[in-house]
Amino acid sequence: MENFIYNIPTRAYFGKGQVSNLGAAIKEFGGSKVLLAYGGGSIKTNGIYDDVVAQFESHGIGFVELAGIKPNPRVESVNEGVALYRENGCDFILAVGGGSTLDAAKAIAAGVSYEGDVLDLLTGKAETKNPAPLGTILTMAGTGSEMDLGGVITAGEDNKKLVIMHPELFPKFSILDPEYTLTVPAHHSMAGCADILCHLMEQYLTPECGADVQDRMNEGLMKVVLDNSANILANPQRTSCGQAQWLWQDSNY
């Protein structure tokens, strides 16, 4: 028998229109000036950015933007975010996007309270202490980063992947609206499905004994992804299929 502690403290707001809870949730966790982190800017064309800003305005929340976070986020983006957070007196981080944006936001959250080089935290030379609170709005399913305590950051000329993990890096809340995934390009939707399968298989193929319940649940989730990935490509707007990509519970728990 394997002993373990099961704890996912992140609050999940799942369903259509759940962004309406954003402003109140930020203020509940002490936020008044937000560092808004996102990727290539698609949130400004699909309406998500407008939804977020409307929540900021209606709740009297200020914000500054960290745009352009790329896939496999680099430490340079993390350093930029740390500087923006400090210079503008921010007290909360909101990551809007997929796993890369969320991972970068977690590293920024750890870095804002550390006076040294963020690489110290990524390489284990220093310990994460008192990270900034953060929330997420997910626009692409796949990594499970919206419900976990870790992130992966790329650094150096050799593009080495460095991991940061800490219990206080769990998002305070995550907003999971399936409609926010409907404009995801087909290629990225399929990458998300593959990512879900990879995370599930990592757990499924681990040679641990006495995991029958977890394995049967895992098999069911993998079957749902395989059965519905083609349907997502054919018609992502269908409720039964479009929401199938929302297997956000694919995280490693």
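Predicted model: local features only at pLDDT ≥ 70, side-chain atom pairs only at ≥ 80, totals over all residues.

Residues are numbered from 1 along each chain as its sequence is written, and side-chain values use heavy atoms, with hydrogens and water left out.

**Overall fold**

I found eight helices and eight strands in the protein chain, taken as DSSP runs numbered from the N terminus (helices H or I, at least four residues; strands E, at least two). The radius of gyration of the protein chain is 18 Å, close to the 18 Å of the globule rule for 253 residues, so the chain is as compact as a globular protein of that length. That radius is taken over C-alpha atoms, and the rule is 2.2 Å times the number of residues to the power 0.38. I also boxed the C-alpha atoms along the principal axes and got roughly 50 × 40 × 35 Å.

Of the 253 residues, 49% are buried (under 20% relative accessible area; exposed is over 50%, partly exposed in between, with a 1.4 Å probe and protein chains only). Among contacts (heavy atoms within 4.5 Å) with a separation of 6 or more, 77% join residues 24 or more positions apart.

**Thr10**

Next I went to Thr10, in the segment before strand 1 (11–14). Thr10 counts as buried because its relative accessibility is 7%. A polar atom of its side chain sits 2.8 Å from the backbone oxygen of Pro171. Leaving out residues up to four places away in sequence, Thr10 touches Glu146 and Met147, and also Phe170, Pro171, Lys172, Phe173 and Ser174.

**Gln55**

Gln55 is in helix 2 (residues 48–58). Its relative accessible area is 13%, so Gln55 is buried. I traced a polar atom of the Gln55 side chain to the backbone nitrogen of Gly23, 2.8 Å away. Gly23 is also one of the residues that Gln55 touches, along with Val19, Ser20, Asn21 and Leu22, not counting residues up to four places away in sequence.

**Ala191**

Last stop: Ala191, in helix 6 (residues 186–204). Ala191 counts as partly exposed, at 35% relative accessibility. Its C-alpha atom is 7.8 Å from that of Gly142, 49 residues apart along the chain.

Methods:
Polar contact = N/O pair within 3.5 Å; in protein donor to acceptor, adjacent residues only side chain to side chain.
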